[in-house]
Amino acid sequence: MSFFIDEFQADLEALPNILQKKYALMRDLDKSLQEIVRQNEQRCEQEIEDMKRGLRAGNITPDTSLLRFSEEALDEQKHSVRIADEKVALAIQAYDLVDSHIQQLDQYLKKSGEELRRERENTATASPTQTPDGTTKSGRSSESGRGGRKKTRLATAAAATEVAASAANPTGVELDLPVDPNEPTYCLCNQVSYGEMVACDNPNCKIEWFHFGCVGLKEQPKGKWYCPDCAAMKNRRKGR
């Protein structure tokens with residue numbers, strides 16, 4: 001367990017520098033994006049004015065299907081989308097990095113709780129021994145002081161945590177996710193946001209966001225996607 005603590009501490013100390021680099025790169029991308037968007041807005045405004053003057057002078061046909069922005073303007077818009085996608089990818093990487101450390105810490109706390117519980121059980125089942133004066137004492141009498149009480153409280157807290165986790169997860173599926181009581185919950189499982197998620201395309205969906213695994217997805221669906229409840233409701237309306 002001490003090896004795990006040392007390794008986790010080393011990874012944790014390197015985390016701020018890694019996140020700082022990712023955030024700095026996101027800021028640079030954001031500056032580039034703002035500059036491209038500004039240039040594109042100016043270009044599009046100028047091209048619209050040129051179209052209006054051409055229409056008034058009769059040099060351009062009024063057919064709206066032929067009125068298009070230049071290739072330069074379209075390329076700038078595509079470049080903006082690519083930069084925005086890079087920013088999203090960096091944000092996901094930063095989130096996953098922090099989330100992995102949280103899950104590692106959660107596993108360590110779980111293992112610590114199990115060890116404390118086993119130690120308490122061993123203490124309770126330890127056979128008593130006779131002292132020279134005839135009195136009976138436990139083989140772990142040294143824990144009857146402050147340290148023993150503290151250890152009992154920690155073990156009790158670990159047990160209470162497991163009971164609360166079982167009540168919150170009646171399906172028995174083991175979830176190694178730390179839950180912030182103030183964090184909103186989503187999906188059919190009523191858990192917090194983690195991993196890859198998909199949004200229901202029904203604007204009136206009560207849940208809105210779903211974990212891939214909970215709805216049987218392995219990759220982002222193409223086109224519109226509806227959750228099981230909204231899909232069933234949509235099919236019922238079609239059948240009428």
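1. The largest nonpolar core has ten members, namely C187, V198, C200, C205, F210, F212, L217, W225, C227 and C230. A nonpolar core here is a set of buried Ala, Val, Leu, Ile, Met, Phe, Trp, Tyr and Cys residues joined through side-chain atoms within 4.5 Å; buried means under 20% relative accessible area, exposed over 50% and partly exposed in between, with a 1.4 Å probe and protein chains only. Apart from this core lies another, of six residues, including M26, L29, L33 and L90.

2. The model is predicted, so that local features need pLDDT of at least 70 and side-chain atom pairs count only at pLDDT 80 or more, while totals for chains, interfaces and linings use all residues. Residues are numbered from 1 along each chain as its sequence is written, and side-chain values use heavy atoms, with hydrogens and water left out.

3. F210, a member of the ten-residue core, counts as buried at 0% relative accessibility. Leaving aside residues up to four places away in sequence, F210 touches C187, L188, E196, M197, V198, C200, C205, V215, W225 and C227, where contact means heavy atoms within 4.5 Å.

4. A search of the whole structure finds one aromatic pair, formed by F210 and W225 in an edge-to-face arrangement, with 5.7 Å centre to centre and 70° between the planes. Rings of Phe, Tyr and Trp (its six-membered ring) pair if their centres lie within 6.5 Å, and planes under 30 degrees apart count as stacked, over 60 as edge-to-face and the rest as tilted. The pair links distant parts of the chain, 15 residues apart, with F210 in strand β6 and W225 in the loop between β6 and α4 (228-239); W225 is also buried, at 13% relative accessibility. Helices (H or I, at least four residues) and strands (E, at least two) are DSSP runs, numbered from the N terminus.

5. On the cysteines, a search of the whole structure finds zero disulfides, a disulfide being a pair of cysteine sulfur atoms within 2.5 Å. For C214, which is in no disulfide, the nearest cysteine sulfur is that of C187, 3.6 Å away. C214 is partly exposed, with a relative accessible area of 34%, whereas C44 is buried at 10%.

6. Most residues other than glycine have a negative phi. N190, although not a glycine, has a positive phi of about 60°, and its place is in the loop between β3 (185-186) and β4 (191-192). E208, also not a glycine, has a positive phi of about 80°; E208 lies in the loop between β5 (197-199) and β6 (209-211) and counts as partly exposed at 43% relative accessibility.
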